[in-house]
Amino acid sequence: MAFGSFDNQITRRGYVTAQMDHIWSERSTVQSWFDVEAALARVQTAIGMIPVGTGARITSQARATDTVMTQILDGESGNPFALGLDALRSALDDDTRQWVHYGATTQDILDTARSLQIRNSLNLIADCTDKLLKRIRDLAGRHAETLMVARTNGQHAVPTTLGMRFARWVADLERSRDRLSEVRKRCLLVQFSGAAGTYASMGSHGTAIATGIARELDLVCELIAWHSSRDGLTELACNLAIHAQTLGKIAEDLYDMQRTEFQEAAETLNPHLSGSSTMPQKRNPFSTMKISAAARMAAGAAATVLTNPPGDFERDHRQLEVERDAIPRILAAVDGAGQKLLNLLDVLHFDASCLDANARREGVLLVSEGSMMELATQLGHEKAHDLLQEYSAAYRTDGISLREFVKGRPEITEKLDNINLDELSDPSAYTGLSAELSRRLAAGQPHTGTDITE
């Protein structure tokens with residue numbers, strides 16, 4: 001029985017990619033165990049702790065074959081890892097099998113194997129993020145001057161450009177990418193220090209084995225055990241949740257842009273993905289909805305990791321049980337959301353005419369800030385603000401122009417003789433640095449600590 005959207009074979013396709021599914025499959029999980037066991041044997045052989053040739057023989061049999069998987073999945077033991085060790089040992093001769101898992105403890109292998117799976121998952125997410133950044137940078141450059149309305153608190157605010165919205169997405173994704181890159185050195189760790197982190201079972205070879213395994217598997221070595229210190233994985237979960245929320249924010253923007261009232265963007269109709277079973281005309285934004293839902297699921301799973309009680313003393317298996325469910329779920333949600341967004345951008349059309357029309361819907365009111373700033377040079381900020389607020393009410397009532405409105409106030413008319421009030425009404429003339437910033441991010445130029453007006 002499948003208990004959730006990520007487990008059910010019918011619904012999982014909406015969230016879990018084939019690549020992520022492979023990384024966290026039962027076979028790949030067992031292979032990760034075996035990869036660590038093989039690395040351990042090779043290092044122990046190299047330093048003379050176990051007989052010559054043992055590491056090579058163990059490595060040659062450390063494969064999650066169909067036979068091995070059957071032994072594990074059909075076994076009666078409540079400990080699948082123990083069944084995995086039995087399967088590996090049974091494939092070896094009597095002289096070699098005694099050196100499998102020599103000096104190791106189960107959590108050492110499970111934690112290190114999990115690091116391999118996390119690394120492969122992060123590689124998938126990083127690759128997708130790089131592709132998203134390239135795609136959105138291209139859009140930022142292409143639409144650097146495409147006029148649209150910026151909305152704050154659900155209301156029209158000031159003119160901007162579509163390129164500027166894309167530029168913001170680029171900046172968000174870059175920060176998220178940097179966080180996920182930075183956390184690698186704290187979460188892709190080898191765990192190999194014995195039952196309580198003392199290296200006692202390996203004698204004087206302890207730290208040499210730990211550092212050797214790290215080299216073999218291309219992971220990071222922390223000599224102090226992290227059996228009960230799960231801050232690296234907690235940080236990873238939180239950073240992944242932030243990345244999911246970044247993807248979710250982009251999806252929410254695209255969801256709203258496809259509203260019938262806006263029609264600023266539209267997804268190409270796919271009868272099996274975005275169509276309705278009863279309303280033939282509909283183009284439902286299901287892709288954005290899936291991305292948004294995945295972001296929420298990732299955040300929920302991250303909250304579970306974040307609220308996982310601290311480990312008891314030197315080791316607490318309860319933490320591992322929670323992470324076993326939550327970490328793969330977060331990674332799958334983030335990867336699935338990113339891939340879905342990447343695919344969506346290929347079939348999404350942005351309607352420049354609707355964007356322009358929406359920007360001009362409130363007429364001169366959209367540039368009331370610009371008008372206020374211009375009038376403030378002659379009237380002062382407070383008086384200009386109050387005047388434009390009065391004008392906004394009058395415009396909504398009878399559509400009066402700013403010039404006609406000012407003419408009715410002779411006390412200020414002379415002060416404004418040098419200002420062309422008609423020119424202030426064009427939204428395209430009040431987009432600030434939107435086009436410049438869009439082009440800057442499109443070109444991959446720095447956008448932190450830089451004055452682009454210099």
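Predicted model: local features only at pLDDT ≥ 70, side-chain atom pairs only at ≥ 80, totals over all residues.
Residues are numbered from 1 along each chain as its sequence is written, and side-chain values use heavy atoms, with hydrogens and water left out.

Let's start with helix α7 (residues 106–142) and helix α8 (residues 162–182), whose axes lie 9 Å apart at an angle of about 160 degrees. That makes α7 roughly antiparallel to α8. Helices here are DSSP runs of H or I with at least four residues, numbered from the N terminus. Axes are lines fitted to C-alpha atoms over the stretch in contact, and angles run from 0 to 180 degrees between N-to-C directions. Angles under 35 degrees count as roughly parallel, over 145 as roughly antiparallel, 65 to 115 as roughly perpendicular, and the rest as oblique. α7 and α8 cross in a left-handed way (the near helix is turned anticlockwise from the far one by less than a right angle; clockwise would be right-handed). Residues making this contact (heavy atoms within 4.5 Å) include Ile125, Leu132, Leu133 and Ile136 of α7, along with Phe166, Trp169, Val170 and Leu173 of α8. By class, the α7–α8 contact has 12 nonpolar, two polar and four charged residues.

α8 has another partner in helix α19 (residues 434–442), packed at about 45 degrees with the axes 8 Å apart. That makes α8 oblique to α19, and the crossing is left-handed. On the α8 side we find Gly163, Met164, Ala167, Val170 and Ala171, which meet Ser434, Leu437, Ser438 and Leu441 in α19. This contact divides into six nonpolar, three polar and no charged residues.

Next come helix α15 (residues 368–379) and helix α16 (residues 381–398), with axes that come within 7 Å and cross at roughly 140 degrees. α15 and α16 are therefore oblique to each other, and their crossing is right-handed. Among the residues that meet here are Met372, Leu375 and Leu379 in α15 and His381, Leu387 and Leu388 in α16. The classes come to seven nonpolar, four polar and one charged.

On a 1 Å grid over the protein atoms alone, a cavity is a set of points where a 1.4 Å probe fits but cannot get out, while a pocket is an open set with protein on both sides within 12 Å along at least five of seven lines; lining residues have an atom within 4 Å of a point. The largest pocket holds about 930 Å³, and of its 31 lining residues, Trp24, Ser25, Glu26, Thr29 and Arg324 are the closest to its centre. Volumes are the space filled by probe spheres set on the points, which are joined across faces, edges and corners. α13 gives the largest share of the pocket lining, seven residues. By class, the lining has 16 nonpolar, seven polar and eight charged residues.

The count of cavities of 30 Å³ or more comes to one.

Terms used. Helix = DSSP H or I, 4+ residues; strand = E, 2+ residues; numbered from the N terminus. Nonpolar A, V, L, I, M, F, W, Y, C, P; charged D, E, K, R; others polar.
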